[in-house]
Amino acid sequence: MIGREFVETTVSSPTQTVIIGPGRPFVIIGERINPTGRKLLAKEMAEGNFDRVRADAIAQVAAGAHMLDVNAGVPLADEPALLAEAIRVVQSVVEVPICIDSSIVAALREGLRVVKGKPLVNSVTGEEERLEVVLPMVAERGAAVTGVATDETGISY
């Protein structure tokens, strides 16, 4: 709350808008499109096979997700290219807003370049170097951002 006003955040796809904030319905963000801990998904994405990404996107929306988090952190792969393609694939099969999830600046840049609508950029940490690079990209694109209360010294008390 700032003063006595509640802050709301709006994210969108080309056809759907989700408003996040106090007094609003709980927003479910599907997190399955993430190769971390999913060896088969990581292998398929690295090979350019996005069938599982497509199926996971459809299944999560059918299960009630209002937004989808898209992550393409496959070790030793071209994460910017994979993230861009994963976002394109997801947006070709579902109409919910996208949450772009990457710790790689170049991947965030590519994701922001290709996403349609107003995305949410996930888990931006408080390291000064990172903020100086990521926040201008987010602002230029008009995206929303979630912050993580951690910086060079760790998690804030």
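In this predicted model, Glu128, Glu129, Glu132 and Glu152 come together on the surface as a patch of negative charge. Such patches take in residues with over 30% relative accessible area and no salt bridge, with like charges joined within 9 Å; a salt bridge would be a side-chain nitrogen of Lys or Arg within 4 Å of a carboxyl oxygen of Asp or Glu. Asp and Glu count as negative, and the charge of Glu is placed at CD. Glu128 belongs to helix α5 (residues 128–141), helices being DSSP runs of at least four residues (H or I) and strands of at least two (E). Glu128 counts as exposed because its relative accessibility is 54%, the cut-offs being over 50% for exposed and under 20% for buried, with a 1.4 Å probe.

Turning to the strands, β4 (residues 67–70) sends Met67 and Asp69 one way and Leu68 and Val70 the other, and all are buried. Strand β4 pairs in the parallel sense with β3 (residues 29–33) over three bridges, where pairing requires at least two DSSP bridges. Here Val70 of β4 stands opposite Ile33. Three bridges also link β4 to β5 (residues 98–100), again in the parallel sense, with Leu68 partnered by Ile98 of β5.

Ala144 lies in strand β7 (residues 144–148) and counts as buried because its relative accessibility is 6%. Between Ala144 and Val11 there are 133 residues of sequence separation, yet their C-alpha atoms are 6.9 Å apart.

Residues are numbered from 1 along each chain as its sequence is written, and side-chain values use heavy atoms, without hydrogens or water. Local features need pLDDT of at least 70 and side-chain atom pairs count only at pLDDT 80 or more, while totals for chains, interfaces and linings use all residues.

Definitions and conventions: Patches are made of residues with over 30% relative accessible area and no salt bridge: like charges are joined within 9 Å, nonpolar side chains (Val, Leu, Ile, Met, Phe, Trp, Tyr) within 5 Å. Accessible areas come from the Shrake-Rupley method with a 1.4 Å probe; for residues, only the protein chains shown count as cover.
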